Amino acid sequence: MTIEMIDQMLPFDPQTTENRFLPFALTDVLSEYAGVHHQEFLHFWQLPDTMILGMKDTRVPYFTEGISALTTAGFQPIIRNSGGLGVINDAGVLNVSWIFPKALAATTDAAYQRMVDLMREAFPEKEIAAYEIPNSYCPGTFDLSMDGKKIAGTAQRRIKAGIAVMMYLSVNGDQHYRGEVVRTFYQTSLKEQFGTNGYPAVEPTSMTTLQDVLQCSFSVSEAASRLQEALMRLTKSSLSPVTASDWVEKNDQAALLETRMTSMYQRNQPIKESSQ
């Protein structure tokens with residue numbers, strides 16, 4: 001079996017709002033294709049200095065003030081097309097989507113477990129635990145941690161017969177500052193309601209990076225290479241690299257991608273309106 005791999009890591013040029021939407025729209029297209037054609041994908045992507053918000057984040061009582069706090073801190077806000085809460089992206093964070101047919105994971109937990117197994121195979125130096133780190137940003141049952149500190153968060157999106165298990169992995173950089181930015185967003189947008197109604201009381205010290213916890217230099221490209229090698233070992237498959245544009249053209253997916261991009265534009269209207 002061959003797993004197709006799409007790499008949109010920096011220096012992918014996501015400076016325009018449109019390009020920042022592309023990884024999310026493409027994930028939907030790949031997920032739908034995976035279910036129909038029984039194809040697996042490994043999708044790497046990054047965004048520079050971006051705060052990715054979930055739909056729940058748009059319902060905070062002081063949304064406009066929260067968005068202003070993010071832009072003041074130098075982060076571009078966007079609203080993603082999957083559930084959960086806000087996460088930070090910058091050059092030290094790697095996003096990984098493992099996309100496959102639903103037939104390969106009978107339950108939601110089974111799909112998440114595939115990503116847990118992949119991480120454990122890729123980074124065996126320390127035990128990786130999967131449980132909620134409640135004071136992290138975007139806490140969830142399948143938070144991944146080393147030595148009790150969160151290094152990665154996961155989310156899942158199901159479209160027709162396809163599944164995308166998505167993970168952000170903090171590889172290097174200033175994780176404490178990332179946590180401070182998210183904490184400030186919630187403090188500003190919730191005020192006296194901070195830490196209530198399902199919004200996390202973010203504590204930056206609850207999170208760390210691969211580089212810090214393993215106490216060695218670790219680049220994003222090295223982390224991606226480890227994940228590729230681990231995936232080939234686990235699945236006994238080969239990887240076939242392809243660019244996003246070539247894949248879309250080869251498989252006649254341009255119209256569907258445009259539809260998904262339009263959906264992202266519509267989803268992000270609250271941010272546009274907040275700046276007017």
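Which residue in S2 does Met5 stand opposite? I looked this up in the model, which is a predicted one. Met5 stands opposite Leu42 in S2.

**Entry 1: strand S1 and its partners**

I started from strand S1, which covers residues 2-8. I then looked up strand S2, residues 41-45, and found that S1 and S2 run parallel and are joined by 5 bridges. The pair Met5 and Leu42 belongs here.

I next looked up strand S11, residues 238-241. S1 pairs with S11 in the parallel sense too, over 4 bridges. Here I noted that Ile3 stands opposite Leu239 in S11.

**Entry 2: burial of S1**

How many of the 7 residues of S1 are buried? I found 5. Buried means under 20% relative accessible area. I therefore wrote down that S1 is largely enclosed by the rest of the structure.

**Entry 3: helices H3 and H6**

I turned to helix H3, residues 108-122, and helix H6, residues 220-235. Their axes are 8 Å apart, and the helices pack at an angle of about 115°. Angles of 65 to 115 degrees count as roughly perpendicular, so I recorded H3 and H6 as roughly perpendicular to each other. Their crossing is right-handed.

Which residues make the contact? On the H3 side I listed Asp117, Leu118, Met119, Glu121 and Ala122. On the H6 side I listed Arg226, Leu227, Ala230, Leu231, Arg233 and Leu234. Sorted by class, the contact of H3 with H6 has 7 nonpolar residues, 4 charged residues and no polar ones.

Note on methods
Residues numbered from 1 in each chain as written. Predicted model: local features only at pLDDT ≥ 70, side-chain atom pairs only at ≥ 80, totals over all residues. Heavy atoms only, no water. Buried < 20%, exposed > 50% of the residue type's maximum accessible area, 1.4 Å probe, protein only. Helix = DSSP H or I, 4+ residues; strand = E, 2+ residues; numbered from the N terminus. Pairing = 2+ DSSP bridges. Axes fitted to C-alpha atoms, helices over the stretch in contact; angles between N-to-C directions. Parallel < 35°, antiparallel > 145°, perpendicular 65-115°, else oblique. Left-handed = near helix turned anticlockwise from the far one by under 90°. Contact = heavy atoms within 4.5 Å. Nonpolar A, V, L, I, M, F, W, Y, C, P; charged D, E, K, R; others polar.
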